[in-house]
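Dear colleague,

Please find below the structure that I am handing over to you.

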Amino acid sequence: MANLKPGGQNPRKKVQVSMVICEAEEKRHRSGVNALQIDPALDRLYSAGRDSIIRVYEHERYLHGMEHHTDWVNDIVLCCGGRHLISASSDTTVKVWNAHKGFCMSTLRTHKDYVKALAYAKDREQVASAGLDKSIYLWDINTLTALTASNNTVTTSSLMGSKESIYSLAMNPPGTVIVSGSTEKALRLWDPRNCVKLFKLKGHADNVKALVVSKDGSHCISGSSDGSIKVWSLGGQRCIQTIRVHGDSVWALLATDSFSHVISGGRDKKVIMTDLKNPQNSVVVCVEEAPVLKMCFTADQQAVWVSTSNSSIRCWKLPTEKHFKEEAKMPTSPISLIPGGAAIRQAVVLNDKRHILTKDANENVALYDVLRARKVEDLGQVNFQEEIKNRFKVVHVPNWFNVDLKTGMLTIHLGQDEVDCFSAWVSARDAGIRDCPEPDQKVNYGKLLLQALFEHWRGVEKDPENKLYFTVPKHIPLILSEVGGRTLYRVLVGDTVGDTENALLNETVPNWVISNIEENCTGKFIKVQFYLQPHASVPSHLLKQDRLKKPDRLVANDFIQCRKVAEHILEKLLGDGNASSPGGDADSTTPTNNGYNVDQIELTCNDQILDPAMDLRTVKHFIWKSSADLTLHYRIVNAK
């Protein structure tokens, strides 16, 4: 195992290599959008979500994407007057970004589980992060933005006392109070100035998913999966109002500057504005197409941007006094729309274990080539099951990768755990390698893909004779992570050539990758054991007497074709040779075959005649269908 120095990683943990098959620029969200922030000075909207990418828009026009996370981004805050952005992700990290240029400045790895929520005290330039590890950490933003590659140690204050996973967090601008909401069904409060736990507020019957605190820290509003919104007096430590306007869980809250109105959204797809002085007075702002995940005000505070578990983001006008007095009707269409893309919802790996057929949220079907890390065909809205059936081939290649659709894009994982990425050997011909001098030469899919992913990395010297047959696009994200654990490093394939990247890769690429890229992994051939039995029709004078006794148990590489087995029968069982296993280097020109040729040897399995081009693993998988050792029968056709 590679000695993983970054972040003091445990060297015993297994490391896997992953890649995301995506476009050079993913301009549209591919799945639900979890977080929104507005920069009022530049009128820029920042959005982040389940496809792991943070995107920046100016008047609905896409500016750029910010990619560095490897899992859902759950929350973002803009700070330092919009110069910097902090993000929290299910990849367990908090990241600090240069918001205007869009690059990641530093990564905080303090959390041990999904980071679900952030809170920002504008006057103190302080941010808090919390998540499923039940921990809340306080960060000084000026310290975070001063971090460099060499000066990357950062101290943090920890707020102790949470008993359960935290899903929501809020802090007032002066940073005098911080509130957390969790599956404990209660609100917990701290004074962030001295990290002292203050008290707990009970009253909700389910997870507290959304929180806002008034500027002066005297009041707090909470939204819960129990469907209610509660207003709390923090001074009086009690609930002063319960508002029930939603028919289901409340997941998002905004309060007006004066704390006179609350805007809420959630699972019932509605966004509702409620007058806190008179809670009976509420107006439905909009009904979205999917459950509401987040909202933020526009720069002029006259409208709200709304994001949902769908990928599009819409802007809706907020009600005025007239709407509350029912003197005007609310508009039924949004004033702005940022269209999203479609998430891949289904993926089926075809029998060749190289192509994947996918279906997205818009019912579009597409074909991807894993070895080239790209989409090869858009098939449109065709019948997915029919398409799988039509592309079925009787060929069996072992599984050598895992597929993950969590981000709405195809993520391919290569490792050596349950699925060994070096298990798939195929002929150069079957792999579609045209310029190979020997079409029957065996190539390994896992090795070919790893070579392509690390092609630009200077740390790996390639054998000039072992030329690359495949390349992957330079924009493909390459991710090294602990199996079932945290991300160690993410880099674009084309960026692995850089000095800094090279040094980090030297520390994180595991030995099993290096040894198999640099050396030959032929020691990993998978063997199959089988018996050869003569058919009753084979003339007994052709069979050597010892062949008539108990048949030998033979062992061969599982990709050996039936034709090779037929050659073995011709040379060893019917001729005068010895009965070693097929696929060896015996001289096939020796005339010891009683005048028969290989085309006259017919193999059967379970009474089914086998195609000479079929390999043994395919025979075992589709025809033998048993865990017992494979048994093949042979006979001579067109015998004299």
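Helices (H or I, at least four residues) and strands (E, at least two) are DSSP runs here, numbered from the N terminus. By that assignment, the span of residues 159-191 is 0% helix and 55% strand, and its end C-alpha atoms lie 9 Å apart.

Two remarks on the source are needed. The model is predicted, so local features need pLDDT of at least 70 and side-chain atom pairs count only at pLDDT 80 or more, while totals for chains, interfaces and linings use all residues. Residues are numbered from 1 along each chain as its sequence is written, and side-chain values use heavy atoms, with hydrogens and water left out.

Overall content

The protein chain contains nine helices and 44 strands. Of its 640 residues, 55% count as buried; buried means under 20% relative accessible area, exposed over 50%, and partly exposed in between (1.4 Å probe, protein chains only). A contact means heavy atoms within 4.5 Å. Among the contacts in the protein chain with a separation of 6 or more, 52% come from residues 24 or more positions apart.

Serine 106 is found in strand 9 (residues 103-108). Its relative accessibility is 11%, and serine 106 therefore counts as buried. Leaving aside residues up to four places away in sequence, serine 106 touches Val94, Lys95, Val96, Leu144 and Leu147.

Strand pairing

Strands of a sheet pair through backbone hydrogen bonds, either parallel or antiparallel. Two strands are taken to pair if DSSP finds at least two bridges between them.

Strand 16 (residues 186-191) and strand 17 (residues 196-202) are paired in the antiparallel sense over six bridges. The two strands form a hairpin with four residues between them, and cysteine 195 in the turn has a positive phi of about 60°. Aspartate 191 has valine 196 in strand 17 as its bridge partner.

An open sheet of four strands has antiparallel pairing in the order 26-27-28-29. Strand 26 (292-297) and strand 29 (336-338) stand at the edges with a single partner strand each, so one side of each is left without a neighbour in the sheet. On average, neighbouring strands of this sheet are turned by 20° against each other, direction ignored; axes are lines fitted to C-alpha atoms, for helices over the stretch in contact, and angles run from 0 to 180 degrees between N-to-C directions. Five bridges join strand 26 and strand 27 (residues 303-308) in the antiparallel sense, and lysine 294 stands opposite serine 307 in strand 27.

Helix 6

Which residues of helix 6 (residues 511-518) are buried? They are Trp512, Val513, Asn516 and Ile517. Seen down the axis of helix 6, these buried residues fall within an arc of 120°, so they line one face of the helix. The arc is that of the directions from the helix axis to the C-beta atoms. An α-helix has 3.6 residues a turn, so residues three or four places apart point the same way. The cover over the buried residues of helix 6 includes strand 1 (15-21), strand 35 (410-414) and helix 4 (445-453).

Salt bridges

A salt bridge is a side-chain nitrogen of Lys or Arg within 4 Å of a carboxyl oxygen of Asp or Glu.

- Glutamate 363 and lysine 359 have their closest N and O atoms 3.3 Å apart. Glutamate 363 is partly exposed at 42% relative accessibility, whereas lysine 359 is buried at 18%.
- Arginine 391 and glutamate 377 have their closest N and O atoms 3.6 Å apart. Arginine 391 lies in the loop between helix 3 (384-390) and strand 34 (402-404) and glutamate 377 in strand 33 (residues 374-380), so the pair ties together parts that are 14 residues apart in sequence.
- Arginine 563 and aspartate 599 have their closest N and O atoms 3.4 Å apart. This pair links distant parts of the chain, with arginine 563 in helix 8 (residues 562-573) and aspartate 599 in the loop between helix 8 and strand 42 (601-605), 36 residues apart.

Yours sincerely
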